[in-house]
Amino acid sequence: MINSQFSTINIREVLSDDKELSKVVRQLLDLKKDSAENLLRRTTSTAYRRIYEHLTSVLDRATVILSKPEPNDISEIIIGLSKGLILIEYQFERNEINQALSIELKKILTNLLDSVEETNAIKKFERARTLLDALTVLVYKYAR
């Protein structure tokens, strides 16, 4: 369940189960400003957009690569996700993104990095994209 503490979400479970993802997306979209504050405080929509644009391009490219019968560009995915980790940390250090949000975004990327060679990895990347899209709505609704 999502409340003012986003960390109550089990990212691994969300990226592994469609029903859990759907539940979390609905909860994110229903959050009111006061409940979203711990997650978004200090986050600028510009900083998040930079992160979002990078991550979604990596995730979209990953789903293309992983949909091949024998994906051979796994290193492209790993490098893209690693750059995403750097970008998140950079925006956090610039005080442009909240620590809670940066931690959760890094959890998503770390989970994807850990599972990039699994047989069901493509589904995790698709779920991660959906979760990022829901977070984007929240950011544009309430971020500064």
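The protein chain has a mean pLDDT of 91, and 94% of its residues reach 70 or more. Here pLDDT is the predictor's confidence in each residue, on a scale from 0 to 100. This is a predicted model, in which local features need pLDDT of at least 70 and side-chain atom pairs count only at pLDDT 80 or more, while totals for chains, interfaces and linings use all residues. Residues are numbered from 1 along each chain as its sequence is written, and side-chain values use heavy atoms, with hydrogens and water left out.

**Confidence along the chain**

Helix α5 (residues 74–93) has the highest mean pLDDT, 97. Helix α3 (residues 33–40) has the lowest, 84. Over residues 1–5 the pLDDT is below 50. Beyond near neighbours in sequence, that stretch has 14 contacts in the model. Contact means heavy atoms within 4.5 Å. Where pLDDT is low, the predicted coordinates should not be read in detail. The helices named here are DSSP runs (H or I, at least four residues), numbered from the N terminus.

**How the helices pack**

Start with α4 (residues 45–66) and α6 (residues 99–115). Their axes are 13 Å apart, at an angle of about 10 degrees. Axes are lines fitted to C-alpha atoms, for helices over the stretch in contact, and angles run from 0 to 180 degrees between N-to-C directions. Angles under 35 degrees count as roughly parallel, over 145 as roughly antiparallel, 65 to 115 as roughly perpendicular and the rest as oblique. So α4 and α6 are roughly parallel to each other. On the α4 side, Y48, I51, L55 and L59 make the contact. They meet L101, L105, L109 and L112 in α6. The residues of this contact divide into eight nonpolar, no polar and no charged. In this sorting, Ala, Val, Leu, Ile, Met, Phe, Trp, Tyr, Cys and Pro are nonpolar, Asp, Glu, Lys and Arg are charged, and the others, Gly among them, are polar.

Now take α5 and α6. Their axes are 10 Å apart, and the angle is about 170 degrees. The two helices are therefore roughly antiparallel to each other. From α5, the contact includes I78, L81, L85 and F92. From α6, it includes Q99, L105, K106 and L113. The residues of the contact of α5 with α6 divide into nine nonpolar, five polar and two charged.

How many aromatic pairs does the model hold? The count comes to one. By the rule used, rings of Phe, Tyr and Trp (its six-membered ring) pair if their centres lie within 6.5 Å; planes under 30 degrees apart count as stacked, over 60 as edge-to-face and the rest as tilted. The pair is Y48 and Y52, and it is stacked. The ring centres lie 6.2 Å apart, with 25 degrees between the planes. Both residues sit in α4, four residues apart, about one turn of the helix. Are Y48 and Y52 buried or exposed? Both are buried. Buried means under 20% relative accessible area, exposed over 50%, and partly exposed in between (1.4 Å probe, protein chains only).

**Selected residues**

| Residue | Relative accessible area | Class |
|---|---|---|
| V58 | 10% | buried |
| G80 | 8% | buried |
| A36 | 1% | buried |
| R42 | 31% | partly exposed |
| N95 | 42% | partly exposed |

V58 lies in α4. Leaving aside neighbours within four places in sequence, V58 is in contact with I77, G80 and L81. V58 and R129 are 71 residues apart in sequence, yet 9.7 Å apart in space, C-alpha to C-alpha.

G80 belongs to α5. With neighbours within four places in sequence set aside, G80 is in contact with H54 and V58. The C-alpha atoms of G80 and Q27 are separated by 29 Å, and these residues are 53 apart along the chain.

A36 is found in α3. Not counting residues up to four places away in sequence, A36 touches L31, L138 and Y142. K106 is 70 residues from A36 along the chain, and their C-alpha atoms are separated by 18 Å.

Two loop residues complete the list. R42 is in the loop between α3 and α4. N95 is in the loop between α5 and α6. Phi of R42 is near 75 degrees, a positive value in a residue other than glycine. For N95, also not a glycine, phi is positive too, near 60 degrees.
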